[in-house]
Amino acid sequence: MKRLLAIGEALIDFIPEETGKELKDVCGFQPKVGGAPANVCGAYVKLGGKASLVTQLGQDPFGDKIVAEFTEAGIDCGCVKRTGKANTSLAFVALKEDGNREFSFYRKPGADMLLEAADVKEEWFADAGVLHFCSVSLGDFPMKEAHRKAVEYAIAAGALISFDPNIRLALWDDAEALKNVIREFAPLAHVLKISDEELEFITGKTDIREALPQLLTGNTKLVIYTKGAGGAEAYTSTTNVFAASRKVKAVDTTGAGDGFIGSFLYCLMRNEVTVDNLEKVSAEKLEEYLAFANRFCGISVTRHGAIASYPKLDEM
């Protein structure tokens with residue numbers, strides 16, 4: 001099975017030791033390795049795939065922690081750079097009573113933001129089946145151009161491109177700038193994952209079917225629409241399917257969406273789906289992949305943390 005590469009932030013999530021409180025009222029936190037692209041790699045390797053993260057960490061103990069935990073989890077660190085110009089990014093998280101989160105980021109700048117296009121090497125993509133990225137690292141800093149270079153190399157290698165906007169408004173001074181960069185990068189992806197909470201912000205529509213003409217453009221051949229407990233849908237130009245989610249008691253939704261797309265991409269790679277045959281995947285198979293990702297996500301939210309909460313293949 002081909003390798004997954006992800007590009008973007010790896011950081012430390014400071015998870016609260018108590019739930020049901022706003023961030024300002026939390027008294028204690030536990031440091032956990034996180035960052036959406038890192039979580040996607042974690043999901044992929046938990047299921048038995050090979051994954052590498054293209055990122056940059058600070059020359060600090062938190063960077064050391066991330067490398068150590070990546071190594072232990074089986075995430076390849078060959079594309080991880082270190083710098084003394086900035087510290088590893090941090091994110092403090094509060095978990096509200098409904099399981100949703102409140103964030104405060106320490107990343108002005110973070111080491112990941114300073115990764116440059118010249119730091120991305122074409123040979124990293126030689127055995128890549130898919131490249132995944134999000135919007136957190138698409139601000140007006142060097143990492144944005146590193147993303148463009150990674151997409152260029154991935155396309156040249158024949159890899160699928162996957163994009164999950166994973167909107168974090170707290171990281172942007174200008175919401176319109178975030179919307180514009182998502183609309184700029186989304187058409188570069190063959191697979192676009194979007195949540196019900198993000199749809200209106202990105203498209204101006206509240207109905208996914210009305211929004212599809214805006215989403216199935218450029219390279220995009222498959223749109224995955226996630227609705228949390230409401231299940232997930234998949235759309236191509238000719239097919240649409242739905243898979244329900246099982247009801248579970250969520251204790252921590254950190255990394256849930258990342259686990260969903262990581263496990264979905266695992267299904268694509270396991271079944272040798274490529275750019276050329278992506279649109280030919282049957283409705284039955286798409287429903288099977290959605291159901292698998294829903295189960296993966298459903299297990300994850302019953303446990304604490306992100307990568308640590310992801311099930312292995314035998315648990316599925």
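Is Glu233 buried or exposed? Select Glu233 to start: at 11% relative accessibility, this residue counts as buried. Keep in mind throughout that the model is predicted.

**Stop 1: Glu233 and its partner**

Glu233 and Lys227 form a salt bridge, with the closest N and O atoms 2.6 Å apart. Lys227 is partly exposed, at a relative accessible area of 26%. The cut-off for buried is under 20%, so Glu233 at 11% falls in that class.

**Stop 2: strand E5**

Move to strand E5, residues 80-83. Select Arg82 together with Asp64. Their side chains meet in a salt bridge, 2.8 Å from N to O. Asp64 sits in helix H2 (residues 61-73) and Arg82 in strand E5, so the bridge ties together parts that are 18 residues apart in sequence. Colour both by accessibility. Asp64 is partly exposed at 44%. Arg82 is partly exposed too, at 27%.

Stay on E5 and pick Lys81. Its salt-bridge partner is Asp119, and the closest N and O atoms are 4.0 Å apart. Asp119 lies in the loop between strand E7 (101-106) and strand E8 (128-134), so this pair links distant parts of the chain, 38 residues apart. Lys81 is partly exposed, with a relative accessible area of 30%. Asp119 is buried, at 17%.

**Stop 3**

Follow the chain to Ala86. Ala86 lies in the loop between E5 and strand E6 (90-95). Ala86 is buried, with a relative accessible area of 10%. What does Ala86 touch, not counting residues up to four places away in sequence? Show Gly58, Pro109, Gly110, Ala111 and Leu114. Now draw a distance to Glu9. The C-alpha atoms of Ala86 and Glu9 are separated by 13 Å, and the two residues are 77 apart along the chain.

**Stop 4: helix H3**

Select residues 142-156, which make up helix H3. Check its length. At 1.5 Å a residue, the 15 residues should span 21 Å, and the end C-alpha atoms are 22 Å apart, which agrees.

Next, look at which side chains are hidden. Met143, Lys144, Ala146, His147, Ala150, Val151, Tyr153 and Ala154 are buried. What do the buried residues of H3 pack against? Show strand E1 (3-7), strand E4 (51-58), E8, strand E9 (160-164) and helix H4 (175-185).

Lys144, Glu145, Arg148 and Glu184 are linked in a network of salt bridges. Then step just past the end of H3 to Gly158, which takes a positive phi of about 80°.

**Stop 5: the largest pocket**

Switch to a surface view. The largest pocket has a volume of about 1,200 Å³. Its lining counts 41 residues, and the closest to its centre are Asn100, Arg101, Glu197, Gly228 and Thr253. Select those five and centre on them. Which elements give two or more residues to this lining? They are E7, strand E10 (191-195), helix H7 (256-270) and helix H8 (283-300). H8 gives the most, with five residues. By class, the lining divides into 16 nonpolar, twelve polar and 13 charged residues.

**Stop 6: the second largest pocket**

The second largest pocket has a volume of about 370 Å³. Select Met113, Phe141, Leu171, Trp172 and Asp173, the closest to its centre among 19 lining residues. H4 gives the most to this lining, with four residues. The classes here are ten nonpolar, two polar and seven charged.

**Stop 7: the cavity**

Finish inside. How many cavities of 30 Å³ or more are there? The count comes to one. The volume of this largest cavity is about 170 Å³. Select Asp13, Gly35, Ala36, Phe103 and Arg168, which of the 16 lining residues are the closest to its centre. Strand E2 (11-16), helix H1 (36-46) and E7 each supply at least two residues of the lining. E7 gives the most, with three. The lining of the cavity has six nonpolar, five polar and five charged residues.

Terms used:
Residues are numbered from 1 along each chain as its sequence is written. This is a predicted model: local features need pLDDT of at least 70, side-chain atom pairs count only at pLDDT 80 or more; totals for chains, interfaces and linings use all residues. Side-chain values use heavy atoms; hydrogens and water are left out. Buried means under 20% relative accessible area, exposed over 50%, partly exposed in between (1.4 Å probe, protein chains only). The expected span of a helix is 1.5 Å times one less than its number of residues. Contact means heavy atoms within 4.5 Å. On a 1 Å grid over the protein atoms alone, a cavity is a set of points where a 1.4 Å probe fits but cannot get out, and a pocket is an open set with protein on both sides within 12 Å along at least five of seven lines; lining residues have an atom within 4 Å of a point. Grid points are joined across faces, edges and corners, and a volume is the space filled by probe spheres set on the points. Ala, Val, Leu, Ile, Met, Phe, Trp, Tyr, Cys and Pro count as nonpolar, Asp, Glu, Lys and Arg as charged, and the others, Gly among them, as polar.
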